[in-house]
Amino acid sequence: MEKLNRNTSNSLSKRPIKVLQFGKGNFLRGFADWMIDILNEKANFNGDIQIIESTDNGLASKINEQEGLYHVILEGLKNEKKIRQTRLITSVKGVFNPNQGYKTFLKMGKNPDLELIISNTTEAGIVFDPDDTDFDILPRSFPGKLTALLYYRFLHLKDSKNKKLTVLPCELIDRNGDQLKEMIQRYIWLWKLPDRFKTWLDNHVIFCNTLVDRIVTGFPEDAIDQVQKSIGFKDPMIVKAEPFYLWVIEGPAEVSSIFPAKEAQLAVTFIEDQSPYKTRKVRILNGVHTAMVPIGYLNGIETVRETIENPKTASFIKQIIFDEIIPTLDLPKEELLSYANSVIERFRNPFIKHNLLSIALNSISKFKVRVLPSLLAYTEKKDHLPNGLVKSFAYLILFYRGYFNGTKIPLQDDKYTINFFETLWKTSNIEHVVHQTLANTKFWEKDLTEVPGLKKQIIVEIEKKLESEVIHK
């Protein structure tokens, strides 16, 4: 089997570097880089990506050995049909580590063809490091590196006729573009850079807030021999992902011409305010994920797919989505229904085994952010409690009891939360357990015992579940 490179794959086209990308992980390679590749094919974007490595874990050398080439495999359901698509990605030039040459890295900033900067340095990546005190030395943080690069560009490409740069951070934090710009402004202050650079930054660099959505599972280790046989190459950098994807970009209108996703009919939404879309994703996709964990697991189910295909739990999931969450959201109903149906189809993906316990990490804090707002909004709007979301809350408290059917549940949470429930569940008084949980303002930032009827209804749900466990023993 041939090794993958530009010669063996006949991928010899040369394009200018238009994108600098901070991060080389599976997500960006199966999401943004995949899109840039399609833009080159369908929208005459005519640009390649130079990846900047943030952590040295050995992947860079493998990508560079293949001259940036790798395959993306999409597997899942689309309109109720199983699909499998394979694409050779040719848009990546290679990977460079700034530790190998700070000056070489900085010179990438004065590239006149550069148009986009994309990043995914994890939620912990957009931070300010006060120890990065000297920009003549390679900064440790991503915002520090980016500030140095932009300052170098300012010094060498001051002409206002030069193209604007658009920054598209993909980190999963609220208003990621605003936060990244704030970190850069702090470095400008720390390094005492001139006010002219601040003005240039405001006029020549667009920081967009973005929302990304795609499940990228990465290297298909369990089926690699079959996959490589089908593509005809030895490719250790294969990335597997689901067909669904969405990129919501909040920024000025000119961004849509810089990043011509519409011309390629990509699922990229350019919007003045991404907040409704973020709320939709958090409440429907993330919220239902969190709500289904205790419901599915305490019904003896192990995976997301099994939960959505089991008649009993599937009915519950559809109830909370369509009857309880969607009525609390402000987007057009058709959009919400379409998105909700796509979420259900994604949950049913037969090519992804998504264990409930793998998404149970920090379920209390997740419930506060993802599920509780829907429960409270529904109660306020309808003047009564949403039965399904309350049941999920009850099962969550039961889940943190720490065992099911005589088997210990491997709870994954912070020490305070684990100890709180371990101590609480030593009592056999359900009313006490529920009251103390709802009253814990450290969990919810409010006393939920004040929500009319909530405590009573949760107690009823827990008692019903405990009774059913006794009956089935």
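Helix α10 crosses helix α16 in the left-handed sense, a crossing being left-handed if the near helix is turned anticlockwise from the far one by less than a right angle, and right-handed if clockwise. This is a predicted model, in which local features need pLDDT of at least 70 and side-chain atom pairs count only at pLDDT 80 or more, while totals for chains, interfaces and linings use all residues. Residues are numbered from 1 along each chain as its sequence is written, and side-chain values use heavy atoms, with hydrogens and water left out.

**Helix pair α10 and α16**

- Helix α10 (residues 275-297) and helix α16 (residues 387-399) pack at about 65°, with their axes 8 Å apart; axes are lines fitted to C-alpha atoms, for helices over the stretch in contact, and angles run from 0 to 180 degrees between N-to-C directions.
- A291, V293, P294, I295 and Y297 of α10 meet K391, S392, Y395, L396 and F399 of α16, where contact means heavy atoms within 4.5 Å.

**Four-stranded sheet**

- An open sheet of four strands, with mixed pairing, runs in the order β5-β4-β13-β11; helices (H or I, at least four residues) and strands (E, at least two) are DSSP runs, numbered from the N terminus.
- Because β5 (81-89) and β11 (216-218) stand at the edges with a single partner strand each, one side of each is left without a neighbour in the sheet.
- Strand β4 (residues 70-78) pairs with β5 in the antiparallel sense over nine bridges, pairing requiring that DSSP finds at least two bridges between two strands.
- Within this pairing, G76 stands opposite I83 in β5.
- Helix α2 (residues 32-42) packs on the sheet and touches β4 and β5, its direction making about 75° with that of β5.
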